[in-house]
Amino acid sequence: MSEPSEPSGDMFMNPVAGFSVTFKAMFKKRLTEQYPETPKVTAPRFHGRHQLNRHPDGLEKCIGCELCAWACPADAIYVEGADNTDEERYSPGERYGRVYQINYARCILCGLCIEACPTRALTMTNDFELANTTRASLIYTKDELLAGLEEGMVDSPHAIFPGMDEQDYYRGLVSEAAPGTERQKAVSKGEADKGVDA
Ligand code: SF4
Ligand code: SF4
């Protein structure tokens, strides 16, 4: 029967070395994020939730061309365009985006769709809180993606600015809603739908 081996020096020194790492870490700057109490501030060009933008008078910039959907590598965008009419006009030109959906269960927030958009209708916000518990709630509809109304805008549909044409909108000649229209206070479309005073 062999004799029990003598304890080596390493058996005592290894725990001391381990605790020295712990001790040094106690004096380092903490990296813990206090989320969600203190939300992280993202970089200005962070790729977050998308937004469908409006012209300064409230008409929509989306023309329903589907280029964003074709550019998407994850097949996350669904668009159906439709014709504007004089009675019901959503954008200055011939067409507008009648149905617009982004599936955030698929989207990888790469930004290729916003590069493809010819009218700058589609951009990305810094909002990263997209997690949810059902697949259906991850499909954002046009109502959820459309930008809120800024002070002085009028919600679509409404007529084109008098004396202007589609090109004038892109030249930046329309800077506010037409004179005499009932302009709304700043309120998002979702809030307006829920009956918040406009
Ligand atoms: S960010 Fe990328 S993955 Fe997401 S919808 Fe746009 S193109 Fe598709
Ligand atoms: S968001 Fe831009 S690319 Fe997509 S359908 Fe509208 S205008 Fe076309």
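Cysteine 113 touches Cys68, Ala71, Cys72, Ile77 and Leu122, leaving aside residues up to four places away in sequence. The model is predicted. Cysteine 113 sits in helix α3. Its count of C-beta neighbours inside 10 Å is 24, and the cut-off for burial is 20 or more, so cysteine 113 is buried.

Cysteine 113 also belongs to a group annotated in UniProt. The unreviewed entry places the feature "binding site" at Cys72, Cys107, Cys110 and Cys113. These four positions span 42 residues in sequence, yet no two of their C-alpha atoms are more than 10.4 Å apart, so they gather at one spot. The shell of ligand 1 holds 13 residues, and the nearest are Cys72, Cys107, Cys110, Leu112 and Cys113. By class, twelve residues of this shell are nonpolar, one is polar and none is charged.

Cysteine 107 occupies the loop between β3 (95-103) and α3 (112-116). With 20 other C-beta atoms within 10 Å, cysteine 107 is buried. Its contacts, apart from neighbours within four places in sequence, are Ala74, Ala76 and Ile102.

Ligand 2 has a shell of 14 residues. Cys62, Cys65, Cys68, Cys117 and Leu122 come closest to ligand 2. Ten residues of the shell around ligand 2 are nonpolar, three are polar and one is charged. Cys68 and Leu122 are also among the residues touched by cysteine 113.

What is the size of the largest nonpolar core, and which residues have the most contacts inside it? The core has 19 residues, and Leu52, Cys62, Cys68 and Ile77 have the most contacts within it. Strands β2 (77-83) and β3 each contribute at least two residues to this core. The greatest contribution is that of β3, with three residues. In soluble globular proteins, nonpolar side chains tend to be buried together. Isoleucine 77 touches Cys68, Ala69, Cys72, Ile102 and Cys113, not counting residues up to four places away in sequence. Cys72 and Cys113 in that list carry the UniProt "binding site" feature, and Cys68 is one of the residues closest to ligand 2.

The overall fold comes next. The protein contains six helices and five strands. Along the sequence they follow the pattern α-β-α-β-β-α-β-β-α-α-α. Of the 198 residues in the protein, 20% are buried. Among contacts with a separation of 6 or more, 72% join residues 24 or more positions apart.

At 1.5 Å a residue, the 16 residues of α1 should span 22 Å, and the end C-alpha atoms are 23 Å apart.

Is aspartate 168 buried or partly exposed? Aspartate 168 has 14 C-beta neighbours inside 10 Å, so it counts as partly exposed. Leaving out residues up to four places away in sequence, aspartate 168 touches Leu173 and Val174. Aspartate 168 and proline 92 are 76 residues apart in sequence, while their C-alpha atoms are 9.4 Å apart in space.

Key. Residues numbered from 1 in each chain as written. Chains lettered and ligands numbered in written order. Predicted model: local features only at pLDDT ≥ 70, side-chain atom pairs only at ≥ 80, totals over all residues. Near = placed C-beta within 6 Å. Nonpolar A, V, L, I, M, F, W, Y, C, P; charged D, E, K, R; others polar. UniProt positions renumbered as here; feature names shortened; annotations may be inferred. Helix = DSSP H or I, 4+ residues; strand = E, 2+ residues; numbered from the N terminus. Buried ≥ 20, exposed ≤ 12 C-beta atoms within 10 Å, placed from the backbone. Contact = placed C-beta atoms within 7 Å. Expected span 1.5 Å × (residues − 1). Core = buried A, V, L, I, M, F, W, Y, C linked by C-beta atoms within 7 Å.
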